[in-house]
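These are my notebook entries on a structure that I went through element by element.

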Protein chains: 2
Amino acid sequence: MITEEQVRQALEKVMDPELKRDLVELGMVRNVEIQDSQVRFILALTTLACPLKDQIIAEAKAAVLALDGVKEVEVELTEMSAEEKKRILPDHDQPGVAERFNHIEHVIAVMSGKGGVGKSLVAGLLAVALRREGHQVGILDADITGPSIPRMFFPTRQWPKGSPLGILPVESKTGIKVMSINLLLHSEDQAVIWRGPLISGAIKQFWGDVVWGDLDYLIVDLPPGTSDAALTVMQSLPLSGVVLVTSPQGLADMVVKKAAQMTVQLNVPIMGLIENMSYVVCPDTGKKLEVFGPSKSAVMAKQLYVPLLGQLPIEPQIAELCDAGRIEDYPAEEFASIARKLAEIALPVRQPMFPVSRTK
Amino acid sequence: MITEEQVRQALEKVMDPELKRDLVELGMVRNVEIQDSQVRFILALTTLACPLKDQIIAEAKAAVLALDGVKEVEVELTEMSAEEKKRILPDHDQPGVAERFNHIEHVIAVMSGKGGVGKSLVAGLLAVALRREGHQVGILDADITGPSIPRMFFPTRQWPKGSPLGILPVESKTGIKVMSINLLLHSEDQAVIWRGPLISGAIKQFWGDVVWGDLDYLIVDLPPGTSDAALTVMQSLPLSGVVLVTSPQGLADMVVKKAAQMTVQLNVPIMGLIENMSYVVCPDTGKKLEVFGPSKSAVMAKQLYVPLLGQLPIEPQIAELCDAGRIEDYPAEEFASIARKLAEIALPVRQPMFPVSRTK
């Protein structure tokens with residue numbers, strides 16, 4: 001004969017994927033009824049619109065079905081009252097709640113100071129390479145006025161869903177979690193004409209109010225410049241370090257050095273330098289054409305005392321794939337070794353200097 | 001016999017190039033002494049460090065020498081007292097004084113939203129082409145965190161000089177006046193880690209406190225993005241219009257459209273679109289390689305209802321010249337026609353919405 005106690009013990013092993021506590025502890029399991037080999041109970045969710053609803057139900061059913069003697073499990077759903085929700089989500093109207101339930105091992109910012117050197121491309125390919133190695137990976141697009149990440153990863157328009165804890169990132173086809181202002185705009189061409197404080201606020205929300213869950217690596221794609229966005233990321237997010245991206249383009253070296261100086265001033269380690277657009281391979285002759293002039297990255301890496309992680313060519317194919325939301329189809333062998341090198345040297349995240357949940 | 005009256009009348013025709021008033025009216029001419037064919041007088045300048053000192057002396061001498069019977073002119077210099085200066089420069093400690101003495105016919109902002117598409121290059125080449133047509137041209141580098149203009153125009157480090165009215169821009173070898181934060185920094189690699197309000201303040205100073213003098217065209221080089229710098233330029237400067245720069249690079253079209261939308265929202269006309277990095281010419285085969293994928297600018301120009309002003313190739317030579325401060329040595333024939341088209345359609349500056357001199 002099955003007891004209610006047995007059923008509850010089984011459900012204690014099922015975790016709410018967001019709240020990271022078991023269903024019984026959360027007070028979600030109610031009205032357990034047992035008739036011979038049939039078990040029925042009510043599952044009280046924080047919201048019936050919960051996008052993870054099906055997963056929770058499936059896991060709860062499986063756990064009870066695993067009990068000896070149980071042949072059938074019926075689950076009825078209900079929604080918690082505001083009062084009940086408040087008990088388990090102490091201040092669920094406050095910003096930064098999601099942050100407390102996220103567990104992010106490494107946060108790597110991709111930065112260059114100068115625009116158009118392929119920062120977003122490097123951020124995207126880095127995420128793809130780490131994902132291919134089996135890691136849980138997210139990308140926080142901190143470029144609020146020129147967000148490029150969603151276009152690379154999604155062939156069609158995507159909308160993030162909400163959950164009681166915050167906003168759920170959108171998952172790419174290989175399971176990379178993406179959050180970007182462009183996922184929240186009416187149209188991707190819409191301009192975000194915001195001064196600094198709003199830019200900083202959005203980035204803090206992407207850290208504190210997004211349900212990233214468990215991540216091995218969160219890649220942060222920074223906009224060009226050393227103003228609000230970069231300052232906020234370096235001051236408010238617990239960075240493992242920064243990857244600098246440069247190109248042989250005139251002036252890039254100077255502007256990238258400004259970015260390097262900023263990381264030094266803000267005490268964030270530089271993990272390495274990547275040079276993009278180093279050359280084009282002529283399809284007819286196979287020769288390397290240095291269309292932006294000769295490479296300066298080896299010299300720059302020495303001047304900055306950082307490793308040169310790699311030099312990437314301009315490839316028309318990658319532009320096409322990125323435009324079609326298919327960056328994950330690009331082989332990018334050269335990136336696998338870069339990602340492995342970074343994974344080796346990435347330190348776990350440091351304590352944030354100004355924890356986001358305590359600021360507004 | 002020459003009279004003091006004649007000397008004074010001659011000097012009434014000499015203007016102070018900054019204050020735009022004649023030397024006599026400004027009270028600069030003192031102690032006129034005449035001995036036969038020899039004239040001596042004291043010239044009281046606002047500052048003996050005045051960088052235009054030699055020009056003023058030369059013009060004053062020439063004016064007096066032109067009088068019948070004058071064979072020799074001797075000028076002694078002195079500096080006005082603080083009280084005297086105050087009389088002619090009513091609030092010379094207030095910001096925005098220079099603005100009242102500048103006369104700028106057209107202000108054209110070069111914008112793209114996206115970084116690295118060659119905005120600064122287009123701004124620089126546009127200035128060079130307009131200068132070659134005989135116009136008086138200045139460049140205001142509004143990219144405070146990633147300023148690229150000085151490196152293009154000056155082979156060696158330059159420092160702007162001060163004058164009683166404000167900061168004097170640095171002149172290039174063909175006479176283009178340049179102001180950029182990089183001219184004011186200790187080292188060009190120094191990072192400017194400023195949040196938005198300081199960025200906006202610097203741009204307003206470059207407009208209000210720089211002695212541009214008489215200009216036919218002031219080209220404003222905007223940073224990427226649609227945040228503080230772009231907002232300040234569009235709201236505080238009397239723009240004739242905006243030139244949009246794009247490239248066939250993946251995602252550029254989307255981000256440039258955001259920039260276009262911003263100009264519409266802020267009621268600033270778009271004068272045209274320029275596509276940069278359209279192709280590379282293979283030095284061996286002479287074939288055009290579309291290394292960033294096929295051009296999208298014709299379609300984009302139609303969508304935005306603006307003229308496509310030109311398509312520029314990637315040229316390794318231009319990168320080298322820009323890096324060496326020798327952009328003015330680049331022939332840039334394709335730019336001559338672009339500059340002429342722009343000169344035709346550029347409207348004189350509009351009234352600023354928020355005059356800079358009245359804001360702080």
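At what angle do helix H9 (residues 252-265) of chain A and helix H10 (residues 297-304) of chain A pack? I looked this up in a predicted model, where local features need pLDDT of at least 70, side-chain atom pairs count only at pLDDT 80 or more, and totals for chains, interfaces and linings use all residues. Residues are numbered from 1 along each chain as its sequence is written, chains are lettered from A and ligands numbered from 1 in the order in which they are written, and side-chain values use heavy atoms, with hydrogens and water left out.

Entry 1, H9(A) and H10(A). I find an angle of about 25 degrees, with the two axes 12 Å apart; axes are lines fitted to C-alpha atoms, for helices over the stretch in contact, and angles run from 0 to 180 degrees between N-to-C directions. H9(A) is therefore roughly parallel to H10(A), on a scale where angles under 35 degrees count as roughly parallel, over 145 as roughly antiparallel, 65 to 115 as roughly perpendicular and the rest as oblique. Helices (H or I, at least four residues) and strands (E, at least two) are DSSP runs, numbered from the N terminus. From H9(A), A:Asp253, A:Val256, A:Lys257 and A:Ala260 make the contact with A:Met300, A:Gln303 and A:Leu304 of H10(A), contact meaning heavy atoms within 4.5 Å. I sorted these residues into four nonpolar, one polar and two charged, where Ala, Val, Leu, Ile, Met, Phe, Trp, Tyr, Cys and Pro count as nonpolar, Asp, Glu, Lys and Arg as charged, and the others, Gly among them, as polar.

I list A:Val122, A:Leu125, A:Leu126, A:Ala129 and A:Leu130 in H5(A) as meeting A:Phe335, A:Ala336, A:Ile338, A:Ala339, A:Leu342 and A:Ala343 in H12(A). By class, this contact has 11 nonpolar, no polar and no charged residues.

The axes of helix H1 (residues 4-11) and helix H2 (residues 53-65) of chain A come within 8 Å and cross at roughly 135 degrees, which makes H1(A) oblique to H2(A). A:Val7, A:Ala10 and A:Leu11 in H1(A) meet A:Ala60, A:Ala63 and A:Val64 in H2(A), and the contact has six nonpolar, no polar and no charged residues.

I place A:Ile193 in the loop between strand S9 (177-179) and helix H7 (196-208) of chain A. Leaving aside neighbours within four places in sequence, A:Ile193 is in contact with B:Thr226, B:Leu231, B:Met262 and B:Gln265.
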